[in-house]
Amino acid sequence: MLLKTKGVSINIEETLVGKVTRLPENLTSDSFLLVDDEIQAYPDKAHLGILSKQNDIYDLDNGSVVLKIPTLEHLTEGDIVSVGADGNIHTLYRVDSYHNTLLATERCNSNCLMCSQPPRDKNDVSFLYGIHKKLIPLIPKDCVELGISGGEPTLMGELFFDMLEKIKHELPDTEIHVLTNGRSFAWDHMAYRLSQVDNNRLMLGIPVYSDYYQVHDYIVQAKDAFYQTIAGLHNLARYNQRIEIRVVLHKLSIPRLVKLAKYIYKNLPFVEHVAFMGLEYVGYTPHNIDKLWIDPMDYNKELGEAVEFLANKGLHVSIYNSQLCVLPENLWQYARKSISDWKNSYMPECQSCSKLEDCGGLFTWNLKKHSEHIKPFTTNVLELSSGIE
Amino acid sequence: MEKEKSTRKFKGLELYDRQVEKDYFLLPFRFHRLTPEKEIIVNEVGDYLILPNGTFEKIVKRQIFKDSDEELYGDLLSNFFISEEKVSPLIDVLATRYRTKKSFLDDFTSLHIFVVSLRCEHTCHYCQVSRVTQDKGKYDMSIEHINKGIDLMMRSPNSHVTMEFQGGEALLAFENIVYAVERTKELAKVFNKKVTYVICTNLAVITEEILLYCKENDILISSSLDGPAFIHNENRKRPGRNSYELAIKGIELSRSILGKSRVSALMTTTNLSLEHPKEIVDEYYRLGFKSIFLRPISPYGFAVKNERKNKYETEKFIAFYKTALHHIIDYNLKGEFFSEDYASIILKKILTPFPVGYVDLNSPAGAINNVIVFNYEGSVYATDESRMLAEMNDFSFKLGHLDTHSYEDIFYGERAAWIAEASTNENLPGCSECAFQSYCGADPVHNLSTQGDISGYRPTSSFCQKNMEIIRYLIELMESDKRIRTVFESWIQ
């Protein structure tokens, strides 16, 4: 899936954010006209700019235009893009997707060994928020779910809450899912401030990788992180904030996984959801693969015990990024097809699998590193599972 | 880019070690020998670890090392047994968990027992209090006292109270129950209280008319069933020797009108029962109950007077309990759901981080904090057992009288303060250092009635003997057999 393209910009000084349309009659002052093949007349209606594959355009007045864009096929009517002075066109919001995410900042106070989106130490907060401020009002009001990720979003400081308030105002019916390491909420005032946003559609996804501080701190490569996160979780609970615990499964988190499940039940019983997630082979992971890799087939026992313990205690539990052929059948009920559409792939042998429809598949980048045990279901499931046993 | 990478270079596990000079601090926890090979350590909020004998000593002597005992060290740290800092960084989490465990105290008295009549048509040999008589004036609670009891109940800080009608046979004074329920319904609106109503009855005199009133007012029926006919009728004497038949008929009628979940039964263990654990369990199972509560008889009233029949050894009860428990577990292993209530109460305390509000096994004790008794003649007692003790002319737990004492006199008076002092096992001799403290409770009424001292004396306490062994046994069972662990987990879901 293409999310970025580039052309030659004319009359663009600061980054513009707007919806795209191929129909001149639909143009508004916050939308771009997409010009694919046929050269069209300069539109009569007010508009934000023109994005064109052509080399030239008629009647160019002082309007903002990007020319010579290699392709516009990836853009759907109503998608929202940012257009920079450098001619870069980023897709910010896709109307046909349930997985739209705002990147709050690329800065992070952790440095997880398996980070899929490694942090960058540059102050991008005001630049990115400048874009989001324009973006948020344009998002369709029927948007089902919107993610906020980083980096560590809370490093935006007060702007983080500003953004959440803006979202609540513009998108009162949208589920908001924030990925944060939760450390900032060890400061009571941060948790309190979040509660002031008062959005019961807001859920925080917070990772806990071990019940033992040193292992967690090592995995996230940050001293004191575990104690800060746990204290943060308790502060958030005190203000009735909705919380999801996220556990990435790898060689460092598996040995104490069942103990972690018990720790969550005993110390964090207020969480709404616990998600166990397969390792993504992207970002830092390839670099640290020797420290992290364990074939998912080899942790089924620990995963099963942890999942069933929590589920039996009445907690809502999910398994993400796993393939049905690697997962024992009793855990299928917890497996979710969660991988964003544009990141989702299947192995060549999966094409003959009878369970393909129900399977979450792989991250595209995990085609390079996956369980050795992926194989298609060719007969009915009962026969096959009894064959395995 | 190059510069960024250098500052984000990955570091090894050892760099995240916070321990200073291989030292650690002990958080409050207690220990107990579980089996000849194993010991248990339990922390302040009830989390436990089971370890080979001798481990406790090593922990205390600082002989557990991060590198050589990696897993155990991590377990001790993450389960709040030790800390690498003098004050644990998660001390607030521990405090929250402690508050949660004790939050059954938050709302104060919930259970209000009204002894509406002492009259009964049964003469159960273990019964402490009942009278066979027609004398309503002397043995029924007066309307005036019912009014005053309700007024006190409305003053409870608890927004959800339970009004329980007891006897004697409560239904012999059904017209007073109706009066009490109707008045309470009106006042509950004024005081914004949710009220759960319970009638305790032997079912002998229950009628369709009574049950229709119960249905209309959401009243629960709590009945008595001691086991199959030959046990029940022996224990629960009545003209015609038909107590069992009437109970069964009553259960069926009650279920048909109120629904199965609105009708419960309690059993009392006697010397005769002790010989028939399986038959009693089977009887409950056969009748479609989803659980049974294996209760020992209480050492009060006529019970103590009838020594030969009722004063059995605690050991015998424990043996009975274990046999019955295994029989119940067997049902579960065959795929049935059928639980034992006393075990469920204790298991909830052991396995969950949540409070358990069972009045007879709490610290602080349920007396006054969770339960109060308005006796038929207007006296107010701290617990149901307290009024039975009073029938033996020991009025230690009489808190006052509805005619002469105010809410403050009763709930915050000198008697209440005296009881409160012996109501926390955290500060009772022998309990304060007990590993099972957080799974157990304090029972000042039992202490005084059996040992003549409100604080009790643990080495010869039957309360202690019974609970120590049942708790130890439950832990041993679930630690040694995964299937039993799964059964136990299902009981507390």
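Modeller: The 38 positive and 50 negative charges of chain A have mean positions 7 Å apart. The model is a predicted one. The accessible surface of chain A is about 16,700 Å², and carbon and sulfur atoms hold 49% of that area. Of the 389 residues in chain A, 58% are buried.

As to overall form, the C-alpha trace of chain A covers about 70 × 55 × 35 Å along its principal axes. The radius of gyration of chain A is 23 Å; a compact globule of 389 residues would have one near 21 Å, so the two agree. Chain A contains nine helices and 17 strands. Among its contacts with a separation of 6 or more, 67% are between residues 24 or more positions apart.

One backbone detail in chain A is the phi of A:Asp198, which is near 55°, a positive value in a residue other than glycine. A:Asp198 sits in the loop that runs between α3 (188–197) and β12 (202–207) of chain A. Its relative accessibility is 56%, and because the cut-off for exposed is over 50%, A:Asp198 counts as exposed.

B:Asp218 is located in the loop between α8 (208–216) and β9 (219–224) of chain B, and with a relative accessible area of 52% B:Asp218 is exposed.

Conventions
Residues numbered from 1 in each chain as written. Chains lettered and ligands numbered in written order. Predicted model: local features only at pLDDT ≥ 70, side-chain atom pairs only at ≥ 80, totals over all residues. Heavy atoms only, no water. Helix = DSSP H or I, 4+ residues; strand = E, 2+ residues; numbered from the N terminus. Rg over C-alpha atoms; globule rule 2.2 N^0.38 Å. Buried < 20%, exposed > 50% of the residue type's maximum accessible area, 1.4 Å probe, protein only. Contact = heavy atoms within 4.5 Å. Areas by Shrake-Rupley, 256 points an atom, 1.4 Å probe, with all protein chains shown as cover. Lys, Arg positive; Asp, Glu negative; His and termini not counted. Charge placed at Lys NZ, Arg CZ, Asp CG, Glu CD.
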